[in-house]
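Have the model open as you read.

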Amino acid sequence: MTVIVRNRSAHWDTVPSYYSSIFPEYDSTSTRTFGVDVRGPAGGISDWDLRFDPSEWIFAPGETKKRVFDFTIGNDLIAHKLPPGNYIARGGYSEYWSTHSTFVIGP
């Protein structure tokens, strides 16, 4: 699954830390960037990258960033191994989520 984020503006932009806006004492350099949420017959998994490098949350005008989350067939959700079945998934960045998409793994 590929999550793509784009700065559509004509100026530089910085994605603020959601948590630092709520808790000023929170370390804003260690919040989430790219994420994925997958739900299916064996349950679900949400996985996030933590942001430590400013290049992950500072965007040049028109800049696009992407992150690929790999999944394989299997029975270990934490290892991104999904058993056959119907799934819903969405990608996210910071505190923003895409709409759900569906896919099927099966014979």
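## Rings and a lysine

Tryptophan 48 is buried, at a relative accessible area of 16%; buried means under 20% relative accessible area, exposed over 50%, and partly exposed in between (1.4 Å probe, protein chains only). Tryptophan 97, at 31%, counts as partly exposed. Keep in mind that this is a predicted model, where local features need pLDDT of at least 70, side-chain atom pairs count only at pLDDT 80 or more, and totals for chains, interfaces and linings use all residues. Residues are numbered from 1 along each chain as its sequence is written, and side-chain values use heavy atoms, with hydrogens and water left out.

Searching the whole structure turns up 4 aromatic pairs. Rings of Phe, Tyr and Trp (its six-membered ring) pair if their centres lie within 6.5 Å; planes under 30 degrees apart are stacked, over 60 edge-to-face, and the rest tilted. Two of the pairs are:

| Pair | Centres apart | Planes | Type |
|---|---|---|---|
| Tryptophan 48 and tryptophan 97 | 5.0 Å | 70 degrees | edge-to-face |
| Phenylalanine 59 and tyrosine 93 | 5.9 Å | 80 degrees | edge-to-face |

Phenylalanine 59 and tyrosine 93 are both buried, and together with Phe34 they make one aromatic cluster.

Now for lysine 65, which is buried too, with a relative accessible area of 12%. Its side chain makes a polar contact with the side chain of glutamate 63 at 3.2 Å. A polar contact is a pair of N or O atoms within 3.5 Å; within protein, one must be able to donate a hydrogen and the other to accept it, and residues adjacent in sequence count only if both atoms are side-chain atoms.
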